[in-house]
Amino acid sequence: MIQTVELGTFLAFVGGLALVGLLGLQAWYDRRDALLSDHRRINSAFSCARCGLTYVRPRRREEATCPNCAWNNVRLKF
Ligand SMILES: [Zn+2]
């Protein structure tokens, strides 16, 4: 049972599918990029009160120990 379809209808269907696929991919990559850049952007900066070293730790956190002298410092707030 093969149903005949006009060429124009078939092309419109295939074109629509391709368009939906491309829009879906674009939305997916946009979301992925936003998540990745958020993850990279949210760092916490610290300045050691004991030895003066300035260092950065990934993610948002309030305290981190100094890699130089192991002093526990609070996050710098700008
Ligand atoms: Zn230190």
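**Close-ups of a predicted model**

**View 1. Four donors sit tetrahedrally around the zinc ion.** For reference, the ideal angle for four tetrahedral donors is 109.5 degrees. The protein donors (N, O and S atoms within 2.8 Å of the metal, or 3.2 Å for Na, K and Ca) are the SG atoms of Cys 48, Cys 51, Cys 66 and Cys 69, lying 2.3 Å from the zinc ion. Along the sequence, these donor residues follow the spacing C-x2-C-x14-C-x2-C.

This is a predicted model, where local features need pLDDT of at least 70 and side-chain atom pairs count only at pLDDT 80 or more, while totals for chains, interfaces and linings use all residues. Residues are numbered from 1 along each chain as its sequence is written, and side-chain values use heavy atoms, with hydrogens and water left out.

**View 2. Here are two of the zinc donors, Cys 48 and Cys 51.** Cys 48 has 5% relative accessibility, so it counts as buried (under 20% relative accessible area, with exposed over 50% and partly exposed in between; 1.4 Å probe, protein chains only). Cys 51 is at 34%, so it's partly exposed.

**View 3. Val 5 lies in the segment before helix 1 (7-41).** Val 5 counts as exposed because its relative accessibility is 54%. Helices here are DSSP runs of H or I with at least four residues, numbered from the N terminus.

**View 4. The protein chain is divided into domain 1 (8-41) and domain 2 (43-78).** Their centres, taken over C-alpha atoms, are 40 Å apart. The domain bounds come from an automatic or database domain assignment.

Notes. Helices (H or I, at least four residues) and strands (E, at least two) are DSSP runs, numbered from the N terminus. Four donors count as tetrahedral if all angles lie between 85 and 135 degrees; four count as square planar and six as octahedral if opposite donors are over 155 degrees apart and all others between 65 and 115; anything else is irregular.
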